[in-house]
Amino acid sequence: MLQPINVSLESLNLITLAPMLIAIAGGLVILVLDLISEKLHKSLYVMLTILILVIDFGATLGLNVNERGFFDVMLIDGISIISQLMIIVGSIIFIPLALTSKRFHEYSYPEFFALFLFMIAGFQFMVASDNLILIFVGLETASLSLYTLIALHNRANSYEAAVKYFTMGALAAAFFAMGSAVVYALTGSVELYKVAEVMATRLNETGIMIAIFGSAVLLLVAFSFKLSLFPFHTWAPDVYEGASAPLAGYMSVVPKIAAFVVSIRIFGMYIDLGVEWVRVTILVLAVLTMTLANIMALVQEDVKRMLAYSSISHAGFIMAALALDTTEGTTAIFLYYALFMFTNLGAFAMLWISRHKNRRFDKRFDHPYEKFAGFIHIMPVGAVIMGLFMLSLAGVPPFSVFWGKIYVMQAAVNSGYIWLAIVMGLNSAIAAYYYLKLIVYMFLMDPVKDVDTIYYNLSKPLMAVIGMATLATVGAIFYIQPLISYLYYMISASGY
Amino acid sequence: MDNILSVLVFFPAIAGLLGFVVDKESARTYGITVAAIELFLSLWLWFSFDSANAGMQFVEMIPLIPDFGVSYYIGVDGISLFIIIMAALMTLIGMMSMSITKNIKNMIITLLFLEMTMIGVFVALDAIIFYLFWELSLVPMLYIIGAWGGPLRVYASIKFFLYTFAGSLIMLVGMLFMAYVYHNLTGVWSFAITDWYALVLPVDYQLWLFAAFFFGFAIKVPMFPFHTWLPYAHGQAPTIGSVILAAVLLKMGTYGFVRFSLPMFPDASVMMITPIAVISIIMIIYTAMVAYAQKDIKQVIAYSSVSHMGIIMLGIFAMNAEGISGSVFQMLSHGIVSGALFMLVGVIYDRRHTKLMSEFGGLASVMPKYAVIFGIMLMAAVGLPLTIGFVGEFLVLLGFYQVSPIMTILAGTSIIIGAIYMLAVYKKSFFGPVTNEANKTLKDLDAKETWSLVPLVLIVIWLGIYPKPVLEPIDNSVKAMLVFMDEKAITKEAKDMIKVAKSSQGGV
């Protein structure tokens, strides 16, 4: 006979679930609204989504650090809170980009916004747990929603992108499941803190290393797909190209934050256990990723593909910080993404304002470099802003990404990886070339086609978003200090 | 006004921002007025500067990122004071003489931002702030070369940017490592240069760090074999770009050696004397020969710049008061003289749209005023006594003589080779009959050009005859730095080297 299990409501600590539930409930509200009235304008959905995210933000901010809940599968520690906050902020910047002056049909479906909110809930589950099964559920919820969002862009290459991403995502999911299975077989648990305990006692058994090796490799492959690390990065440029520009920018930041948090939990555990070659493997992957993606970015003819490769390279940069497994390294990951988020979303938003129904410049690409030739004559402010974003991405001080870069490099130096810091420095120099290429086109060339083609899609909400991103990029020097101290505090509080 | 340095740094930047509003037609006057006010402010700095005080003055410090040790920390001493004034002066004169009419407003705004970064580099006392201005100075220059340059302008501007950027990233790693070492020893994060001075590092650390900083500075100087970007940049840049590049931007590299490498790594610096002296002598002689082989006047001056920068490097690594003071003085003199020479080439280029020597000849009879000023500047570049060029060059050679007489003699040939190629330029372009029809109707200097060049001529002669007011503050700060280096050096060789220097002080 099974004994009935008594669970008190208090021990469930349901408040830890509040942020995700808010997002899910918000998505449902949007669907219900659609049932009641069909002819609602997208601006309503956009604003509702923002409001829901604001509540979500508040709920996350109110959580106590280092609590567990819901049968101990929820883990609210420092990194889970800051990553949820970053995910929400990234989403709040992203969603007003739907309010373009031209009509893009995906935004007229309320499902877009509902799916978007479900996706955020998925990411929040991913980062707020150390249970491999719940992480998996969160990952799949988020990914399946994201595939659909990409496909909703309704062009041939959006379908291609969605299917490609779906296939790759399914493969990654399979690797993740197998990796978790091996971990379970080794330790009899899927909770990472228990896994760590059991593994620590079994480390000296003969022949166990091969199994640990297997589990780490399978999990590493799964997350290399998600983080687009070399050699599992090949989907990224095509998917970014097929997705709408803001969504591509979004994908280069928010899903990666979630995946990084899980990676910190999993691979941090391996490194803490003293499995040194996991660190080595991650370092090798990181260096290869940043270098090769940079070299690929050099030869791109399309700005969006260039930005895609550049964000792969930035991911490699950050992956290196993960391998350090120090508090500073982990802080560097979040700091980098917090700063990179504004700049990169801003840059993709600048592409978005120039997006056309049909390709006027090139048969193959939406945003060839030629499109931006002489941008300074057509739209001086826009050109200066885009130039600032490019300089920031290149790591020119005092713009935002520079501070992330030196923090990562400082973390590398502090852990004794001076060669890594030098590799990062040289990579930034290579990267400067392709960012400069766009600047050269914008500032030093003459326009090739008529004027309206550039700011085709511009609207007030887009200007507001871009303006905010610009402020965040230029004024970074003034908010770095509180940001670093908050991140550092939260991360050290949760013991990373 | 205690915060005059902040005013000096941010005044041009604010003026640049406001400049977006100024009407296109008035932009030029606006720029000149702003630059004149800036020069006035920098002169005010000089008057309120206490020449007897060898340390940092007008220090300001505001913590920016205390957790990371970054603060807005600026100050000025005798070494940086005159470079700041020179930067303000050359910006003003460059703007006055500017003949560009295309997109003049963008040019003025860019120049004002460039002025901010230039002054920022020379007043920064925090490594990150230094790096910030250092990198930021690349962007306006990229735009100036790329937008107003010659046919290969895009290539030249990108080459300029990437070369310097790559070098300075290595320097950045050095800075981060330095901060890390400081943190290890003291438990505090700090990027303040004055804090770093206090560190006594083991010799192997010093060597590695010296190498890291060397990449950043040497590319900027530019030292052989990293000099290849410079002839391109000069060749393609518009006149104003060349003037600022030669007068101020190159000085950032040599200034970096004086500000960072010597006091922070005295032992490594002493160990590196011979290799750097060899590179410098190669720079001096090789590029002087290359200069002689050029057909284009501007290229001659570009290569002669590299050659003169070799002299400056040699002086810095003489490790004694004469050498270093001479180098700092030579930075000023080279700034003024090469700036003036580039402006003079610009004058003739505006009239004939060519810079080839073979196109000219007999200009002295057509443009007498032009020929006189060109002649004076040329003599100053060669280092003729009673011109500004002589003082610095003489002191450098005097200083380095105590290190190695043979190398000094080799370096001294630069005066001879310099005289050869400079006089060859002068002979080919200014003397002889006017063979080219197009040259017969050339107009002499107009009022604008005369008024921008005459002040430079006056400075060249004034400081050539009586350099003391400038040399004294420089010398005070340099001596203080040497005493400090001597205390800090740990190897015996370094102590000896720097001691020798101290015992033979005095002459200046």
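How many residues lie between β1(B) and β2(B) in the hairpin that they form? This tour of a predicted model begins there.

Residues are numbered from 1 along each chain as its sequence is written, and chains are lettered from A and ligands numbered from 1 in the order in which they are written. Local features require a pLDDT of at least 70 and side-chain atom pairs a pLDDT of 80 or more, while totals for chains, interfaces and linings use all residues.

Select residues 57-65 (β1) and 70-76 (β2) of chain B, antiparallel strands joined by six bridges. Strands are DSSP runs of E of at least two residues, helices runs of H or I of at least four, numbered from the N terminus; strands pair if DSSP finds at least two bridges between them. Four residues separate β1(B) from β2(B), and B:Gly69 in the turn has a positive phi of about 80 degrees. B:Pro63 is placed opposite B:Ser71 of β2(B).

**The interface.** Next, select both chains: 28 residues of chain A contact 27 of chain B, a contact being two C-beta atoms, placed from the backbone, within 7 Å. On the chain A side, α18 (400-414), α19 (418-444) and α21 (476-493) each supply at least two residues. The largest share, 13 residues, belongs to α19(A). The predictor assigns the complex an ipTM of 0.88 and a pTM of 0.91.

**Confidence.** Helix α5 (127-136) of chain B has the highest mean, 93, and helix α22 (492-503) of chain B the lowest, 67. Over residues 503-508 of chain B, pLDDT stays under 50. Where pLDDT is low, predicted coordinates should not be read in detail.

Note on methods: pLDDT is the predictor's confidence in each residue, from 0 to 100.
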